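This briefing sets out the computed features of the structure shown below, grouped by topic for a reader who has the coordinates at hand.

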Amino acid sequence: MVRALEDPRPPIPLAYRTEDRIGIQQLARDFAMRRVLPIANELDPEHGLIPEALRKEMGDLGFFGIMIPEKYGGLGLGVFEYALVTEELARAWMSVASIIARSGLAATFPATQRAELVPRAARGDWLAAFAMSEPDAGSDVASVRTRATKVDGGYLINGQKMWCTFADQANCIVVVARTQPYDPERRHAGIRQLAVHKDPGTFPAGVTGNPIRKIGYHGWHTWELSFDDCFVPDDALLGSDRTEPGDPDGGFKRTASGMTVPRIHTAARAIGLARGALEDSVAYVQQRRQFERPIGDFQSIRFKIANMAAKVEACRALMYQVAHDADQGESVDVKAAMVKYLASEMSERVTSEAIQIHGGAGYTTDFPVERYWRDARLTKIFEGTSEIMQRIISDSLLPASALR
Ligand SMILES: Cc1cc2nc3c(=O)[nH]c(=O)nc-3n(C[C@H](O)[C@H](O)[C@H](O)COP(=O)(O)OP(=O)(O)OC[C@H]3O[C@@H](n4cnc5c(N)ncnc54)[C@H](O)[C@@H]3O)c2cc1C
C-alpha cells in the first residue's frame with residue numbers, strides 16, 4: 001500500500017506553536033498545493049511568469065503584508081510567520097515565495113510617502129525591484145559605480161545594473177548609486193538608495209533593459225539595466241529623513257543591514273524546495289517498482305530519504321530559532337548568515353538526491369524535482385553567496401583578515 005503523506009506540514013515546535021501560527025501555516029499550505037503547484041508545473045517549463053490573478057489572490061490572503069503593521073492594512077506579524085508562509089509557498093514555486101518580499105521596501109521610504117505606499121504594498125498593489133548588483137559589483141557592494149549626480153530639483157542616474165529581478169513589472173526600482181565619485185580610500189562613502197517610480201510593464205525615461213537568460217527562477221524576468229540620464233526628484237533619495245541624514249556611509253549601512261531578514265527568507269525558500277523534493281521522493285519510491293518490488297524497499301533508497309528528512313528538519317529548527325530571536329529584537333546577523341548558508345547548501349544536495357531517486361524520470365521536465373534543483377541552486381548565490389556567508393561567520397569568530 002502506498003503511504004501518502006496525509007498532512008506533511010511540519011509541526012511547529014511546541015516552544016513556538018500557537019493557534020494563529022498553525023492557522024497561517026495551514027492557509028499558506030492549502031493555497032500553495034491547490035493553487036500554486038499546478039500553475040508552477042504548467043508555467044515553469046515554458047518560462048511563464050507568475051499570473052496577475054495569482055498575485056491578486058495572494059494579496060487578498062495578506063501574504064504581501066505579513067510583517068506590515070495592521071494600521072497600514074498588513075497582518076502585523078513577525079519574521080517567524082513570514083518564514084512559515086515562505087516555506088509553504090516555496091514548496092510549490094520559489095518565484096511565488098520570493099515575490100512576497102517585494103512589498104517590504106515600501107517601509108524604508110520617507111514618512112510622507114509611506115502613508116500612501118505601505119497600504120498599497122500590503123495588498124500587493126505596489127511592489128518594488130531592487131537594483132544593487134552591477135557588472136563589476138556583486139558580492140562587493142562597496143564597488144558600486146552607478147552615479148546619482150545632483151542637478152536642479154533632483155538627481156540624474158547613470159550606470160549599468162545587473163540581475164535586477166522584476167524590474168519590468170515593478171511599480172518602482174530602488175537603485176543603489178553613488179552621490180559622490182568613487183574614492184578607493186573611502187569606498188562606502190556616498191552610496192545611497194534612490195527610488196525610481198514607474199508604471200508596471202514599462203521602463204521609465206532614461207532606462208533600458210535586456211532580460212537575462214536564466215536556468216531557473218522563471219516566474220519573473222531578471223534584467224540587465226542601463227541608466228542614461230534618468231532623472232529622479234529630490235524626494236527619491238531614501239533615508240534622507242531617517243537613518244542617515246548627513247551620514248556619507250548611511251546608504252551602505254542601510255543596504256548591508258537590510259540583508260538579515262532576506263537571508264532568513266532565503267533559508268525558508270531553500271527549506272521549502274528541499275521539502276518538496278523530499279515529499280515527491282517519498283511518493284515516487286513507493287510507486288516505482290524494480291526487481292519486482294517498490295524501490296522504496298531498497299535500503300540505499302530508504303537511507304537517502306532518511307538523510308534528506310533529517311537535513312531538512314535540522315535546517316528548519318535553526319530557521320525557527322533565528323526567526324524567533326529576530327522577532328524578540330535580538331541581533332541575528334551572524335545566525336541569519338548561518339541558516340542561509342546551511343539551508344541553501346542542504347537544499348541543493350537534497351533536491352539533487354531527489355533527482356537521483358527518480359532515476360531517468362528525474363532528468364526530464366515531466367517531474368518537478370528538476371525545477372526544485374534549478375531553483376535551489378540559486379539560493380546558494382543570491383542574497384549573498386555561500387562564500388560570503390562563510391566570511392560573515394568566520395569574521396565573527398576570528399580577528400579580521402588582511403585578505404578580504
Ligand atoms: C537569478 C538572480 C537574480 C538576482 N536578483 C537580484 C536583484 O533583484 N537585485 C540585485 O541587486 N541583485 C540580484 N542578483 C545578484 C546576486 O545578488 C549576485 O549574483 C550575488 O550577490 C553574487 O554576485 P556576483 O554574481 O557578481 O558574483 P561575484 O561577487 O563575482 O562572486 C563570484 C564568486 O566569487 C566568490 N567571492 C566573491 N568575493 C569573495 C570573497 N570576499 N571571499 C570569498 N569568495 C568570494 C563568490 O562567493 C562567488 O563564488 C541576482 C542574481 C541572480 C543569479
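In this predicted model, Glu-383 counts as buried because 21 C-beta neighbours lie inside 10 Å, where 20 or more are needed. The residue sits in the loop between helix 10 (369-379) and helix 11, and its phi is positive, about 60°, although Glu-383 is not a glycine. Most residues other than glycine have a negative phi.

**Other backbone and loop positions**

- Phe-166 is another residue other than glycine with a positive phi, in this case near 80°, and its place is in the loop between strand 3 and strand 4 (172-178).
- Phe-166 counts as buried because it has 23 C-beta neighbours inside 10 Å.
- Gly-216, which is found in the loop between strand 6 (207-211) and strand 7 (222-233), is partly exposed because 18 other C-beta atoms lie within 10 Å, a count in between the limits of 12 or fewer for exposed and 20 or more for buried.
- Leaving aside residues up to four places away in sequence, Gly-216 touches Arg-371, Arg-374, Asp-375, Arg-377 and Leu-378.
- The C-alpha atoms of Gly-216 and Glu-370 are separated by 9.8 Å, with the two residues 154 residues apart along the chain.

**Overall chain**

- The protein chain has eleven helices and nine strands, and its C-alpha trace spans about 80 × 50 × 40 Å along the principal axes.
- For 404 residues a compact globule would have a radius of gyration near 22 Å, and the protein chain has 22 Å, so the value agrees with that expectation.
- Of the 404 residues of the protein chain, 46% count as buried.
- Among contacts in the protein chain with a separation of 6 or more, 71% are between residues 24 or more positions apart.

**Domains and their contact**

- The domain assignment divides the protein chain into domain 1 (14-123), domain 2 (128-247) and domain 3 (260-395).
- The centres of domain 1 and domain 2, taken over C-alpha atoms, are separated by 25 Å, and the contact takes 14 residues from domain 1 and 15 residues from domain 2.
- On the side of domain 1 that touches domain 2, helix 4 (residues 94-99) provides the largest share, three residues, and by class this side has nine nonpolar, three polar and two charged residues.

**Ligand shell**

- Which residues come nearest to the ligand, out of the 20 around it? They are Gly-138, Ser-139, Trp-163, Thr-385 and Glu-387.
- Domain 2 (128-247) and domain 3 (260-395) each give at least three residues to the shell around the ligand, while strand 1 (128-131), strand 3 (154-165) and helix 11 (386-395) each supply at least two.
- Sorted by class, the shell around the ligand has ten nonpolar, six polar and four charged residues.

**Helix 8**

- Helix 8 (residues 299-327) has 29 residues and should therefore span 42 Å at 1.5 Å a residue, which agrees with the 42 Å between its end C-alpha atoms.
- The buried residues of helix 8 include Met-308, Lys-311, Val-312, Cys-315, Arg-316, Met-319 and Tyr-320, and the buried residues of this helix pack against helix 3 (79-92), helix 7 (260-287) and helix 9 (333-357).
- An α-helix has 3.6 residues a turn, so residues three or four places apart point the same way.
- Helix 8 is followed by Gly-329, whose phi is positive, near 85°.

Definitions and conventions: Residues are numbered from 1 along each chain as its sequence is written. This is a predicted model: local features need pLDDT of at least 70, side-chain atom pairs count only at pLDDT 80 or more; totals for chains, interfaces and linings use all residues. Domain bounds come from an automatic or database domain assignment. Two residues are in contact if their C-beta atoms, placed from the backbone, lie within 7 Å. Helices (H or I, at least four residues) and strands (E, at least two) are DSSP runs, numbered from the N terminus. Ala, Val, Leu, Ile, Met, Phe, Trp, Tyr, Cys and Pro count as nonpolar, Asp, Glu, Lys and Arg as charged, and the others, Gly among them, as polar. A residue is near a molecule or strand if its C-beta atom, placed from the backbone, lies within 6 Å of it. The radius of gyration is taken over C-alpha atoms; the globule rule is 2.2 Å times the number of residues to the power 0.38. The expected span of a helix is 1.5 Å times one less than its number of residues.
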